[in-house]
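Here is a quick tour for anyone meeting this structure for the first time. Have a look at it below, and then we'll walk through some of its features.

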Amino acid sequence: MAEEIKKVGLLEGAENNPDNLLVVKNLKKYFPIKSSFFKMTVGNVKAVDGVSFAIKRGTTMGLVGESGCGKSTIGRTILRLQDKTEGEVYFNGKDLFALSKDELRKERPNIQIIFQDPYSSLSPRLPVGEIIGEAVREHKIVPPEEFDDYITRVMEACGLPEYAKSRYPHEFSGGQRQRICIARALALNPDFILCDEPVSALDVSIQAQIINLLRSLQKEFGLTYLFISHDLSVVEHISDTVGVMYLGNMVEFAPTETLFKNPLHPYTEALFSAIPIPDPDYQMHRIILEGSIPSPANPPKGCKFHTRCRKCMEICKYADPNFKMVEDEHFVACHLYNTEEENKIAQRLTEEAKKAEKEEAENQKNGKKK
């Protein structure tokens, strides 16, 4: 069914829409598995396995899922911190992977990242003013005579006092260090910022301050965010749209309000059932996922979630579901929402896969007898 999916073209021409700042099409990132002796490639870890989405200017897209599902790998591949295996990434209508080194260097200030750990991502040998201003000076964002005042303005916008310029990262708390990281990204006057779990290492009260800071900066400077997080309540608060990842694939994508009111995919339902409700009288109906996440080096056939899904059908074990729109701007990859034609295709693929498995088992049996 994978070939039929590619013909659908959910994001056909999306890179030419001026409303879209970032468009990702069928992005794949595989990490080779090498044999211990001859160093030959014997397999691949499919960290990202065909993900597509678009982010409109001035909005925030949340990306959620269990650890190891490929969220951070998507972010780092989008920023070209690592090479892609397949797919396309368009930023402002430009294919980022088609840019030369010089062209990419000119585009770098427009695409920035805030890392998860605010301490390890800051150089301990540089004072805060130099950390924030190093790239500003390198890319000549402002004239040299305006440099000092510009860094002061950026720090104040991020809630940092001017005297912090001469101090070092170890002299600050976790929340203040994350403000330094935000200031470093903001100083280059970017259009897009990848927020890779920027509040997961912080206390709850500090998380709220950082989230509110990000929202206020977005309104003031017209920023666009891709916000990666495990915390669904944080994602609900900051995001305009949300994508749900499972084992390298996006299983559901929708506007935030729509997704939280009406999750369609069984995996999304299970995730949302674990959100704590601050009401002692509320009876939670927790959906427990049985089993562990399969290996991305050897994912299951068909729907990757079928090994843990309580609504699993026979076709789920053999046919890959189509990622399609089932409601207005609400996309889901699940056989529960197949059309009659899609069910016929899935059934045919299931029968062909079963036949192939049976033939393989017979061949192995005959081979052992010989």
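## Before we start

A residue is called buried when its relative accessible area is under 20%, exposed when that area is over 50%, and partly exposed in between (1.4 Å probe, protein chains only). Glutamate 236, at 42% relative accessibility, therefore counts as partly exposed.

The model is predicted, so to speak of local features we need pLDDT of at least 70, and side-chain atom pairs count only at pLDDT 80 or more, while totals for chains, interfaces and linings use all residues. Residues are numbered from 1 along each chain as its sequence is written, and side-chain values use heavy atoms, with hydrogens and water left out.

## Around glutamate 236

Leaving out neighbours within four places in sequence, glutamate 236 is in contact (heavy atoms within 4.5 Å) with Thr256 and Phe260. There is also glycine 62: it sits 174 residues from glutamate 236 in sequence, yet the two C-alpha atoms are 8.1 Å apart in space.

## Helix α2 and what follows

Helix α2 (residues 71-78) is mostly covered, with six of its eight residues buried. Those buried residues are Lys71, Thr73, Ile74, Gly75, Thr77 and Ile78.

Just after α2 comes arginine 80, with a positive phi of about 60°, although arginine 80 is not a glycine. Arginine 80 belongs to the loop between α2 and β4 (86-91), and its 23% relative accessibility makes it partly exposed. Glutamate 329 also has a positive phi, near 60°, and is a residue other than glycine. You'll find glutamate 329 in the loop between β11 (323-327) and β12 (330-333), partly exposed with a relative accessible area of 40%.

## Salt bridges

How many salt bridges does the structure hold? There are 15, each one a side-chain nitrogen of Lys or Arg within 4 Å of a carboxyl oxygen of Asp or Glu. In one of them, the side chains of glutamate 15 and lysine 25 meet at 2.8 Å, N to O. Glutamate 15 lies in the loop between α1 (2-8) and β1 (20-34) while lysine 25 is in strand β1, so this pair ties together parts that are 10 residues apart in sequence. Buried or exposed, these two? Both glutamate 15 and lysine 25 are buried.

Arginine 137 pairs with glutamate 130 in a salt bridge, with the closest N and O atoms 2.9 Å apart. Arginine 137 is partly exposed at 43% relative accessible area, and glutamate 130 is partly exposed at 26%. Another salt bridge joins arginine 348 to glutamate 352, and here the closest N and O atoms are 3.4 Å apart. These residues are four apart in helix α11 (residues 340-369), so about one helical turn separates them. An α-helix has 3.6 residues a turn, so residues three or four places apart point the same way. Arginine 348 is partly exposed, with a relative accessible area of 37%, and glutamate 352 is partly exposed too, with 43%.

Methods:
Helices (H or I, at least four residues) and strands (E, at least two) are DSSP runs, numbered from the N terminus.
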